Amino acid sequence: MLRFGHVEIFVTDVKRAQVFYTEVLGLDLIDVQDDQFVWLRAGAVELLLRPGNPPSSALTYRDSASAVVLYTDNLSATKERLEMRGLRFLGTDGSPGCLTFQDPEGNWLQLVNPDDH
């Protein structure tokens, strides 16, 4: 039986990405290996930020090759908290309750309350 291990996001600036994912999004820092592999956790899912050359960013969420979707129990409160930390939402995926944004590397993410859909 297969199961997900972790999600890897390739970034050109690991330190900048670490600040974004921990200080803006609030993910938990698990470990930093060799000053270049940053392990994070959001709930039961682990995320690895690692050096690499991400493909050029799509101009819109719908044109991206992939995206990370984050769940929240309270979309409006989480949106407000993230905006206070400097996050700029860039629209939706076409549904008003599915807020989209990018990390500093141009990777697309979405914030949604799954109970609203």
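**Close-up views of helix α2 and its sheet**

**View 1. The buried residues of α2 pack against α1 (14–24), β7 and β8.** Contact here means heavy atoms within 4.5 Å. Helices (H or I, at least four residues) and strands (E, at least two) are DSSP runs, numbered from the N terminus. This is a predicted model: local features need pLDDT of at least 70, side-chain atom pairs count only at pLDDT 80 or more, and totals for chains, interfaces and linings use all residues. Residues are numbered from 1 along each chain as its sequence is written, and side-chain values use heavy atoms, with hydrogens and water left out.

**View 2. Leu75, Thr78 and Leu82 are the buried residues of α2.** They line one face of the helix, because they fall within an arc of 70° seen down its axis. The arc is that of the directions from the helix axis to the C-beta atoms. Ser76, Glu80 and Met84 are exposed on the other side of α2. Buried means under 20% relative accessible area, exposed over 50%, partly exposed in between (1.4 Å probe, protein chains only). Just after α2, glycine 86 has a positive phi of about 105°.

**View 3. An open sheet holds 4 strands in the order β5-β8-β7-β6.** Its pairing is mixed. β5 (67–71) and β6 (91–92) stand at the edges with a single partner strand each, so one side of each lacks a neighbour in the sheet. Two strands pair if DSSP finds at least two bridges between them.

**View 4. β5 and β8 (residues 108–112) pair in the parallel sense.** The pairing runs over 5 bridges. Leucine 70 has leucine 111 in β8 as its bridge partner.
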